[in-house]
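My notes follow in the order of the look-ups.

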Amino acid sequence: MQPTTKLTLTLEWFLNPDHLPFIAGIATGAYKQSGLDITIIEPDDHYDGFAELQHQSIDLHINEPIHLFEHYAPNLRALGCFFETDGGILMRQSSMDKLKNNQPIRICTPAAEDKTNRIGFEILARYAKKNNFTIRRENVSFVSKDFYHIKNLQEDPSLDGAWLCFYNFEGIEALHEGLDFVFIDQHLAPYPNFSALEILTTDEIYTEKKEAIDTFIKVSNDMVIFCQNEPASARSIYYDYSKTEADALMNSIIADTLGRFIAPIKPSANKWQALREMLAEIDIVTLTDEEYQSLWRL
């Protein structure tokens with residue numbers, strides 16, 4: 001019997017279908033059969049997985065590429081992107097004329113802080129430019145709310161849209177609720193999509209546990225294919241692991257999410273180059289060529 005190596009994987013946010021490959025790897029016993037004992041840690045509040053990586057108190061962390069750049073450290077390593085959705089601003093259809101006429105609009109967001117608001121406005125401004133109109137920053141108000149975007153829009157008619165939306169969640173829920181909306185994402189506005197999840201570690205951790213981490217990536221690749229080929233099993237595994245009841249909305253979210261997983265999972269410096277350029281252009285974060293390239297070296 002092969003020896004077992006323990007690896008701790010921390011999530012960027014609460015457990016959800018985005019994490020299905022890892023859930024399936026545990027639930028099916030695929031990790032265990034490959035000599036891995038995987039523990040998934042779900043944050044119950046704000047959680048700084050980047051700091052935990054530096055303390056070597058965890059082995060692997062999942063997060064979005066923007067945060068990877070913001071938390072750049074010389075020893076940080078991206079192992080590959082396993083999931084990419086469409087992300088952007090969900091606007092009420094009835095508010096689109098207000099946007100196009102440069103009238104004041106109110107956008108709810110769970111993170112109404114300068115950097116996040118700047119990216120949200122950039123998406124709207126690029127959408128406007130593409131469609132031959134302009135908007136002024138002072139006419140776009142970002143209103144601090146929670147992550148329940150669709151509920152917030154339903155309960156507050158003064159809100160024109162929601163920012164930090166992901167199509168496999170908010171887009172699907174808006175369809176489910178019969179909301180008449182426009183989802184302004186990278187398909188409608190010329191900006192590099194960044195709504196994705198990378199698997200992260202550090203040089204030190206990778207060097208110490210290279211064989212186990214390589215095996216983890218290989219099995220996770222297999223689990224992406226398994227979930228996509230066996231959607232009924234993936235649904236069942238998700239509900240069992242999360243201890244939640246099946247419902248029509250979550251079934252639709254899972255169905256949409258499955259097609260967004262990526263295999264093989266592998267480091268790619270080219271994937272986020274355009275995002276790096278946009279973040280530097282709007283003064284969010286600037287990495288040198290050497291710093292950027294170092295994130296993908298193994």
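For the helix pairs I take axes as lines fitted to C-alpha atoms over the stretch in contact, with angles running from 0 to 180 degrees between N-to-C directions. The model I am reading is predicted.

**Entry 1: α11 and α12**

I looked up helix α11 (residues 231–242) against α12 and found that their axes come within 10 Å and cross at roughly 120°. Angles of 65 to 115 degrees would count as roughly perpendicular and those over 145 as roughly antiparallel, so I log α11 as oblique to α12. I note the crossing of this pair as right-handed. On the α11 side I listed P231, A234, R235, Y238 and Y239, which meet M250, N251, I254 and L258 of α12. By class, I have 7 nonpolar residues, 1 polar and 1 charged in this contact.

**Entry 2: α8 and α12**

Next I took helix α8 (residues 167–176) with helix α12 (residues 248–258). Their axes lie 9 Å apart, and the packing angle is about 135°. I therefore record α8 and α12 as oblique to each other. The crossing of α8 and α12 is right-handed. From α8, I find Y167, N168, F169, I172, E173 and H176 in the contact; α12 supplies A248, L249, S252, I253, D256 and T257. I sorted the residues of this contact into 6 nonpolar, 4 polar and 2 charged.

**Entry 3: P17**

I then checked a loop residue: P17 lies between β1 (5–10) and α1 (20–27). Is P17 buried or exposed? I count P17 as buried because its relative accessibility is 0%, and the cut-off for buried is under 20%. Leaving aside neighbours within four places in sequence, I find P17 in contact with F169, Y238, M250, I253, I254, T257 and F261. Of these partners, F169 is also listed in the α8 contact with α12, and Y238 in the α11 contact with α12. I also looked up the C-alpha atoms of P17 and S242, which are 225 residues apart along the chain and separated by 9.5 Å.

**Entry 4: the nonpolar core**

Last, I went to the largest nonpolar core, which has 103 residues; F69, L99, I184 and F216 touch the most other members. Helix α10 (residues 210–229) gives the largest share of this core, 8 residues. Which residues is L99 in contact with, leaving aside its neighbours within four places in sequence? I list M91, I105, L124, Y127, F133, I135 and I184 for L99.

Note on methods
Residues numbered from 1 in each chain as written. Predicted model: local features only at pLDDT ≥ 70, side-chain atom pairs only at ≥ 80, totals over all residues. Heavy atoms only, no water. Core = buried A, V, L, I, M, F, W, Y, C linked by side-chain atoms within 4.5 Å. Buried < 20%, exposed > 50% of the residue type's maximum accessible area, 1.4 Å probe, protein only. Helix = DSSP H or I, 4+ residues; strand = E, 2+ residues; numbered from the N terminus. Contact = heavy atoms within 4.5 Å. Parallel < 35°, antiparallel > 145°, perpendicular 65-115°, else oblique. Left-handed = near helix turned anticlockwise from the far one by under 90°. Nonpolar A, V, L, I, M, F, W, Y, C, P; charged D, E, K, R; others polar.
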